[in-house]
Amino acid sequence: MRLPPNNSIATPMIRKAVELGINYFETSATYCQNRSEIQVGLGLKGLRDSVYISTKSHVNRKDQTSFSGRVPKDSSGEDFKNVLKESLHKLGTDRVDFYQFHGLTLENLPIALAEEGPLDALKDAKDHGQIGHIGFTSHDTTENLIKILDTGEFESMTVYHNILQTGGHRPYENPLPAIEHARKMGVGVIIMGPLGGGILGIPIEDLRKFIPETSSQVELAFRYLLSIQGITTPISGMTRMSDVEENAKIASEYKPLSRSEMKTVKKFALNYVALTERFCTGCGYCQPCPQGVRIPEVFRLMNINSIYGVEKWAKEQYTRLRQGGPLGRGSAELCIQCGQCEKKCPQKISIRDDLKKAHSALTSA
Ligand code: SF4
Ligand code: SF4
């Protein structure tokens, strides 16, 4: 959960969420500068049996540094056991309902599946009642998600999806075939990014034009996801009590989108894809940049800024990237033009040039 740092705000939010029927809480060993699990545990004190708790940890990527915070030191089974122990301690519980590999890819899957490695450790923990189900979260391509599912080792999958991607034909942008594959295998699907990282919380003229009868984009975004067979639940980072109340209301009063509404949504998304054809897919293969430039994030903000006419929001986010948040600074001006990223980009984007253009667009008055 993307919780506010102050426990006197976060705890009542969590308790309100449970009161309103929200029963799936997703956290991570590394979220919120490592404090998310502690906050979730605190908020759920005495309510443990009414909810599902999910937490996760990364397997190290061979040639990549980790995100901020605690990650397994060497991705051995022993180390994963220690990370799980630490998570249970922070959560104040003796079991989690879901434990997921954080950011699993086809490339780093062999690390997870190694003999006596992380998966074996988690299976052992499952046998001892510390874990209910083993799953993974991923930003990999649809094709690779299906291959990961086909190992038959996972009971849940958390992937990124929202209305804006429904018309996408590139693998990253449209995980729907993987979601359907998971459904057929009986694997639970959790959706992250239901609001496109906050974009759908901002009034988008184009979207309103396509769905004029929609009173709230947030409602539409959730209705879209809840209408897709195979999606078990969307998860949404909530930072205010009003987010909790709004999301719970939408879920409890939700009606599936009709066939014609779904068609309209697709029409909007196809229009979006046509506009974004030449842009970054957010795959992250160019990361990490030795200078810390968060390339996919810069391009995402560039897209928002140029396509949707929500410049103010995009520029504010970019200012934060320049100033540095929990993950540090990551704006385009840090680039020293070394060119390493371009060799790794499957879209063959001229990253160095496009970063300059993005910086200029996102800092213009
Ligand atoms: S060219 Fe710039 S963005 Fe790319 S890896 Fe080098 S410093 Fe980072
Ligand atoms: S710049 Fe290229 S490699 Fe980096 S996230 Fe975008 S598409 Fe992927």
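1. The shell around ligand 1 divides into ten nonpolar, four polar and one charged residues. Here Ala, Val, Leu, Ile, Met, Phe, Trp, Tyr, Cys and Pro count as nonpolar, Asp, Glu, Lys and Arg as charged, and the others, Gly among them, as polar. In total, 15 residues surround ligand 1. The closest are Cys289, Val293, Cys335, Cys338 and Cys341. A residue is near a molecule or strand if its C-beta atom, placed from the backbone, lies within 6 Å of it. Helix α16 (351–363) gives the largest share of this shell, three residues. Both α15 (340–344) and α16 supply at least two residues each. Helices (H or I, at least four residues) and strands (E, at least two) are DSSP runs, numbered from the N terminus.

2. A word on the model. It is predicted: local features need pLDDT of at least 70, side-chain atom pairs count only at pLDDT 80 or more, and totals for chains, interfaces and linings use all residues. Residues are numbered from 1 along each chain as its sequence is written, while chains are lettered from A and ligands numbered from 1 in the order in which they are written.

3. Seven strands form an open sheet in the order β1-β2-β3-β4-β5-β6-β7, and the pairing is parallel. Its edge strands are β1 (24–26) and β7 (233–234), each of which pairs on one side only. Two strands pair if DSSP finds at least two bridges between them. Strands of a sheet pair through backbone hydrogen bonds, either parallel or antiparallel. Strand β6 (residues 188–192) is joined to β7 by two bridges, and the two run parallel. Ile191 stands opposite Pro234 in β7. Helix α4 (residues 77–91) packs on the sheet and touches β2 (52–58) and β3 (96–102). The direction of α4 makes about 140 degrees with that of β2.

4. Several helices pack in pairs. Two packed helices are described by the angle between their axes and the distance between the axes. Axes are lines fitted to C-alpha atoms, for helices over the stretch in contact, and angles run from 0 to 180 degrees between N-to-C directions. Take α1 (residues 7–19) and α3 (residues 36–43): their axes come within 8 Å and cross at roughly 55 degrees. That makes α1 oblique to α3. Angles under 35 degrees count as roughly parallel, over 145 as roughly antiparallel, 65 to 115 as roughly perpendicular and the rest as oblique. The crossing of α1 past α3 is right-handed. A crossing is left-handed if the near helix is turned anticlockwise from the far one by less than a right angle, and right-handed if clockwise. Asn7, Ala10, Thr11, Ile14 and Arg15 in α1 meet Gln39, Val40, Leu42 and Gly43 in α3. Two residues are in contact if their C-beta atoms, placed from the backbone, lie within 7 Å. This contact of α1 with α3 has four nonpolar, four polar and one charged residues.

5. Helix α1 also meets α11 (residues 241–253). Their axes come within 9 Å and cross at roughly 10 degrees. The helices α1 and α11 are therefore roughly parallel to each other. Met13, Lys16 and Ala17 of α1 make the contact with Met241, Val244 and Ala248 of α11. By class, it has five nonpolar, no polar and one charged residues.

6. Helix α11 has another partner, α10 (residues 217–226). These two pack at an angle of about 50 degrees, with their axes 10 Å apart. That makes α10 oblique to α11. Val218, Glu219 and Phe222 of α10 touch Glu246, Ile250 and Ala251 of α11. The residues of this contact are four nonpolar, no polar and two charged.

7. Two backbone details deserve a look. Most residues other than glycine have a negative phi, and most peptide bonds are trans. A cis peptide bond joins Gln287 and Pro288, with omega about 0 degrees. Pro288 sits in the loop between α12 (259–276) and α13. Glu116 has a positive phi, near 55 degrees. Its place is the loop between α5 (109–113) and α6 (118–127).
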